[in-house]
Amino acid sequence: MVSDYSQYAWLIPLFPLLAFLALTAMGRQLKDVGIYISIVAMLASFIVALLIFIERVGGNVEDYTWDKMNWLQVGDFSLRMGFEVNNLNALMLVIVTLVSLLVNIYSKGYMKGDERIHVFFAYIALFSFSMLGLVISENMLELYIFWELVGVCSFLLVGFWYFKPEARAAAKKAFIVTRIGDVGLFIAILLLYWYMPGHALDFTSIHNAFTTGKIDPSIVTWIAVLIFVGAIGKSGQFPLHTWLPDAMEGPTPISALIHAATMVAAGVYLVARTFDIFHASPDALTVVAYVGGFTAIFAATIGIAQNDIKRILAYSTVSQLGYMMMALGIGVSYTSGMFHLFTHAFFKALLFLGAGSVIHAVHTQDINEMGGLSRKMKITTWTFAIGTLALSGIFPFAGFWSKDMILSEAYDHNQLLFWVGVIAAFFTAFYMSRLFFLVFMGEARGKAIHEDAEHDDDHHAAHEPHESPASMTTPLIILAVLAVVAGFVNTPFNEWLGHWLTGQEHDETANWVVIILSTLAGLLGIGLGYLIYLKRTIPRDAVSSKAPWLYTLLNRKYFMDELYDTIIVRPLRGLGWVLDLIDVYIIDGIVRLVAFGVVSLGRLGSRLQNGQLQSYGVIMLLGMLILALAIAGRRFIHAG
C-alpha cells in the first residue's frame, strides 16, 4: 500500500527550523510569544510524525523515498538529497518529537525568568530540527551533515550558561571528544563511497550491496567499525564517554533532551540504520557487543559513588546505552536495542525532568543536601518513583520488558554478556534506590529544609521546597504513564514491535530463568539501597570505611579524566607550546626579519634622497673616491 502521509515527512523538521529562524530574528521582541512559537512548532511536528506512525502501524505500507533534489554533480556522479520514511525512522520520529514537545512545555516553567529564554528555545528548535533531519536522511552524507549539526547544537546548549567556567569547559569537552568519533564516521563514509557500486551512498543501495555480498569482506569490517566509532562518540560509549556526565552543566531540560531522545540516541540509531553493514561482519558485531557490555557495567559501577543527582542519571544513561549497543552487537536483529531505546527515552526523560523539578525546588544538585521531599513534592515523588522502577527493570514497568529482551538474547547467544548485563542491572537498581531514598524519603537535610534558618517564618516559607508549576509537572505525568505502558508493545507473549520493525516473525517464548534472575537482581539492588539509606540497618560507610581506595576509585570515575589529561591533553599541550615557539620565533621571526630589512633599506634610501644638493655632491665625491680607489687597487694587484 502506498503511504498518504509519508510524503509530508519533510514538514516534521521544517516546523522547528521555522521556529528557530523566527526566534533568532525576533526573539527578544516576541518575548513570551516566542516560547509558544517553539511549543506550537514541536506540536505540529509531533502530529505529523504521529499520523505517519499510525498509518504505518495500521497497514502494510511501503517504504517511501523522495530523492529528487540533485545537490551535487561531478562528472557522471550525482549526489541527491531527499528523505526516506520506513518503520524504523517512523518510530524514531515519534520518540524525538514527543520528548522534544514535552521538554519545550517543561522549559516554559523551568527557564522562567532567564533573560536569554528566547535564545534557549531557539537552540532547542534548532536541535530538534537537526535530529529530525538526521532521522529521515536518505543517504549517509546527508545524515553526516545533520550529525555534525547535532554536535554544534549540543555545544550551544551545554554551554548555554556560558558565564559559568564549568559550562564553557563542558561545552568544549563535548564538542572535541565527539569530534574524535565523527572523524571515524567520516572515514567510513569515504570508504563507502570508494567501494560501493556506482559510488552510491543512499541506504537502499547500501542494503542491496551488503546483503548480496558485493563488497569485499576485508573492507566490510573496517567500514562497520569506523561507523561504530562515530556511534561511540555520540552515544558516550567507552572510551569516549567522558563528555556525557560533564554535559550536565547545561540546563536540566537539555540534559533530558540529549540523554533521552536526541544526541545519544543518534549513535544507537546509526548502528540500527546501517545494521546491514554490521550484519555482514561478525567481527564488527563482536566489537559492538563487548564495548557495549563493558560500558554498561563500567558506568553502572561509577554511578553508585556519585553525589550529583544529574551525574548519577548521566552515568545511568551511559550504562543503558551500553545495554543497547550490546543488544545490537549480539546480532540477532536491531529490535531489542531499538526497543530499549524506545522505552528508555520515556523513563530517562522522566527522571531528568524529575531531577530538574527537585533542583528547581531546593537549588542544589547534591543528593546529600536533600531528603524528605516526598511530603512537599508529591507529583514529582510519585513520577520519579515510576521512572526509578522502570529503569531498575521491575515488572510491569517499561524497562522490565526491554531489558529482559536484551538479556534473553544474551542468555541464548553469549553467557558472559548475559551475566555482565545482570550485574549491571543490580548496580542500576542500587544506585537508583540510593538516589530515591536520599532525595525523597527520610528526614530533610541541608537545603531541603530552607536556605537560611535565621530569617523569620515567612521568609522560611518562601524558601521551603514546594511542588513545581503545572507546566513542569504535566510532562512528568505524561512520561510516567508512558514509562508504565510503553513496554507492552513488545512482550515475550506478543512481539509486535519486532515483527513490525523487521518484517520477520518472532516465535520466542518467555525465558523464565532470565525473568527471574533479572527481577531478582533489581529487587536485590533496591533492597540493599533500602537497608543502607532508609532503614539504616547497614552503615552507609560500610564499604568506604574498610576500602576507601575503592570508593575513591569509583567516585573519581576510575580516574579516566586524569588519565586522559596525563597521556593526551598534557602531551598535546606541550606539543602546542613547541609549535607555538616555532611559529613565533622561527616562522614569524623570518617574516619579521625580512620586514625589518626592507624597512631599514627604505629608511636608508629616504635619508640618502633628501633633496639637498650639497648632500648629493658629497655622495658623488665619495662615490668617485671609492671608484678611484677600487681602480687603483685593481691596477696595483695586477702590477704585483
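Predicted model: local features only at pLDDT ≥ 70, side-chain atom pairs only at ≥ 80, totals over all residues.

Visitor: Which residues line the second largest cavity?
Guide: Helix 10 (252–260), helix 11 (263–273), helix 14 and helix 15 (335–362) each supply at least two residues of this lining. The volume of the second largest cavity is about 40 Å³. Its lining residues are His259, Ala260, Val264, Ala265, Leu321, Met324, Leu341 and His344.

Visitor: How many residues of helix 10 are buried?
Guide: Buried means under 20% relative accessible area. In helix 10, Thr252, Pro253, Ile254, Ser255, Ala256, Leu257, Ile258, His259 and Ala260 are buried. Helix 10 is mostly covered, and the count of buried residues is 9 of 9.

Visitor: Which residues line the largest cavity?
Guide: The structure holds 2 cavities of 30 Å³ or more. The largest has a volume of about 40 Å³, and its lining divides into 3 nonpolar, 2 polar and 4 charged residues. The lining residues are His241, Thr242, Pro245, Asp246, Arg311, Tyr315, Lys557, Met560 and Asp561.

Visitor: Which elements give two or more residues to the lining of the largest cavity?
Guide: The lining includes Pro245 and Asp246, Arg311 and Tyr315, and Met560 and Asp561. The elements asked for are helix 9 (243–246), helix 14 (309–330) and helix 24 (560–608).

Visitor: Which residues are linked in a network of salt bridges?
Guide: Side chains of opposite charge can pair when their charged atoms come close. Lys173 forms a salt bridge with Asp561, the closest N and O atoms being 2.8 Å apart. Lys557 also meets Asp561 in a salt bridge, at 3.6 Å, N to O. The network links Lys164, Lys173, Asp246, Glu249, Arg311, Lys557 and Asp561.

Visitor: How many residues apart in sequence are the parts that Lys173 and Asp561 tie together?
Guide: Lys173 and Asp561 form a salt bridge. Lys173 lies in helix 6 (residues 165–195) and Asp561 in helix 24, so the pair ties together parts whose separation in sequence is 388 residues.

Visitor: Is Lys557 buried or exposed?
Guide: The cut-off for buried is under 20% relative accessible area. The relative accessibility of Lys557 is 19%, so Lys557 counts as buried.

Visitor: Where do Glu84 and Arg273 lie?
Guide: The side chains of Glu84 and Arg273 meet in a salt bridge of 3.0 Å, N to O. Glu84 is buried, with a relative accessible area of 6%. Arg273 is buried too, at 11%. The pair ties together parts that are 189 residues apart in sequence, because Glu84 lies in strand 2 (residues 77–85) and Arg273 in helix 11.

Visitor: Which helix gives the largest share of the lining of the largest pocket?
Guide: The largest pocket has a volume of about 930 Å³. Its lining has 34 residues, with His207, Asp276, Tyr334, Leu501 and Thr502 nearest its centre. By class, the lining has 13 nonpolar, 16 polar and 5 charged residues. The largest share, 7 residues, comes from helix 7.

Visitor: Leaving aside neighbours within four places in sequence, which residues are in contact with Tyr411?
Guide: Tyr411 lies in helix 17 (residues 398–413). Tyr411 is partly exposed, with a relative accessible area of 26%. Leaving aside neighbours within four places in sequence, the contacts of Tyr411 are Phe418, Asn511, Val513 and Val514.

Technical notes. Residues numbered from 1 in each chain as written. Heavy atoms only, no water. 1 Å grid on protein atoms, 1.4 Å probe; cavity = no way out; pocket = protein on both sides within 12 Å on 5 of 7 lines; lining within 4 Å. Points joined across faces, edges and corners; volume = space filled by probe spheres on them. Helix = DSSP H or I, 4+ residues; strand = E, 2+ residues; numbered from the N terminus. Nonpolar A, V, L, I, M, F, W, Y, C, P; charged D, E, K, R; others polar. Buried < 20%, exposed > 50% of the residue type's maximum accessible area, 1.4 Å probe, protein only. Contact = heavy atoms within 4.5 Å. Salt bridge = Lys/Arg side-chain N within 4 Å of Asp/Glu carboxyl O.
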